[in-house]
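User: I'd like to learn how to read strand pairing, helix faces and cores in a model. Could you walk me through this one?

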Amino acid sequence: MTFEPQRTDLQIKRRIAPAPKPLGRKAYGSIPHLPGSKFGDRDDRGVPEGEAALYLDRVNPGDRIVVQEKLDGSCVAICNLNGEIIPLIRAGYPAACSVWRQHRMFARWVRERQDRFALLLDDGDHCAGEWLVQAHGTRYLLGDQQPFVIFDHFQQGTRLPSHGAEARAVKHGFAFVPVLYSGAEALPLQDALARLGEHGHYGAIDRAEGVVYRRETAGGIYLAKYVRPEAEPGRYLPGNDDPDAAVWNVPPSWLRD
């Protein structure tokens with residue numbers, strides 16, 4: 001889950017003033033909650049009961065259900081605009097302009113790999129994923145695993161099916177969020193959580209936060225999420241940008257600014 005501490009007006013101004021949104025909008029939208037999922041803030045919304053059943057109980061003919069592990073970091077994105085590789089925060093602004101150290105670290109990480117991202121992203125494409133260098137509500141032991149994990153790929157603004165996004169990511173050497181299930185039948189929530197397990201599949205030290213369902217249809221792709229009720233979003237965030245007060249999932253050498 002993406003969560004940010006309270007910011008002063010000055011911090012907000014510093015965060016958004018330097019540049020417009022390259023995509024002209026948010027880089028990634030919010031995902032509605034399945035019944036029983038823990039809401040993170042007042043802006044969260046739930047999936048209607050009838051729609052929830054299309055993920056959990058029954059499917060329409062031709063639909064495909066995909067269930068992914070919900071990783072708990074900062075939602076970020078990378079776009080290719082006219083050949084320029086631009087790392088973004090979820091709100092759509094350039095990550096290099098963020099007041100938050102973890103986002104500036106992301107901008108540097110992407111810059112050091114921009115040739116690979118140029119192969120991953122065609123002009124006009126963008127991908128979104130979870131940036132895990134700083135613990136939010138879940139700590140991770142990343143080890144040799146990449147700190148950026150892709151979960152979506154958009155071609156000219158159209159979301160690719162999960163298998164297509166995963167194939168592109170893997171082909172170019174990028175991590176893709178663990179897929180727990182992919183099939184033509186609905187998957188009850190208890191079965192999805194059993195596949196997730198206590199700590200998920202990407203090195204969580206604390207209990208894994210939850211799952212994301214995707215309903216892939218001929219008319220579009222729809223998402224819903226489930227966050228475990230005992231999850232504590234943002235519990236490791238210090239409320240400021242002090243690197244000594246933060247909890248990091250990466251070695252101290254990452255913290256140069």
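Predicted model: local features only at pLDDT ≥ 70, side-chain atom pairs only at ≥ 80, totals over all residues.

Analyst: Happy to! Residues are numbered from 1 along each chain as its sequence is written, and side-chain values use heavy atoms, leaving out hydrogens and water.

User: How many bridges join strand 1 to strand 8?

Analyst: Two strands pair if DSSP finds at least two bridges between them; strands are DSSP runs of E with at least two residues, helices are runs of H or I with at least four, and both are numbered from the N terminus. Here strand 1 and strand 8 run antiparallel and are joined by four bridges. They belong to an open sheet of four strands, in the order 8-1-9-10 with antiparallel pairing.

User: Which strands stand at the edges?

Analyst: Strand 8 and strand 10 do; each has a single partner strand, so one side of each is left without a neighbour in the sheet.

User: Now helices. Which residues of helix 6 are buried?

Analyst: The general idea: an α-helix has 3.6 residues a turn, so residues three or four places apart point the same way. Buried means under 20% relative accessible area, exposed over 50%, and partly exposed in between (1.4 Å probe, protein chains only). In helix 6 (residues 189-196), Leu-189, Ala-192, Leu-193 and Leu-196 are buried. They cover an arc of only 95 degrees around the axis (taken from the directions from the helix axis to the C-beta atoms), which puts them on the same side of helix 6. Gln-190 and Ala-194, on the other side, are exposed.

User: What do the buried residues of helix 6 pack against?

Analyst: Taking contact as heavy atoms within 4.5 Å, they pack against helix 2 (49-56), strand 1 (64-70), strand 8 (179-183), strand 9 (210-217) and strand 10 (220-227).

User: How is helix 3 placed?

Analyst: Nine of its eleven residues are buried, so helix 3 is largely enclosed by the rest of the structure. Among the buried ones are Phe-106 and Trp-109, and both are in contact with Phe-148.

User: And which residues have the most contacts inside the largest nonpolar core?

Analyst: A nonpolar core is a set of buried Ala, Val, Leu, Ile, Met, Phe, Trp, Tyr and Cys residues joined through side-chain atoms within 4.5 Å. The largest has 50 residues, and Ile-78, Phe-117 and Phe-148 have the most contacts inside it. Apart from it lies another core, of 19 residues, including Tyr-55 and Leu-189.
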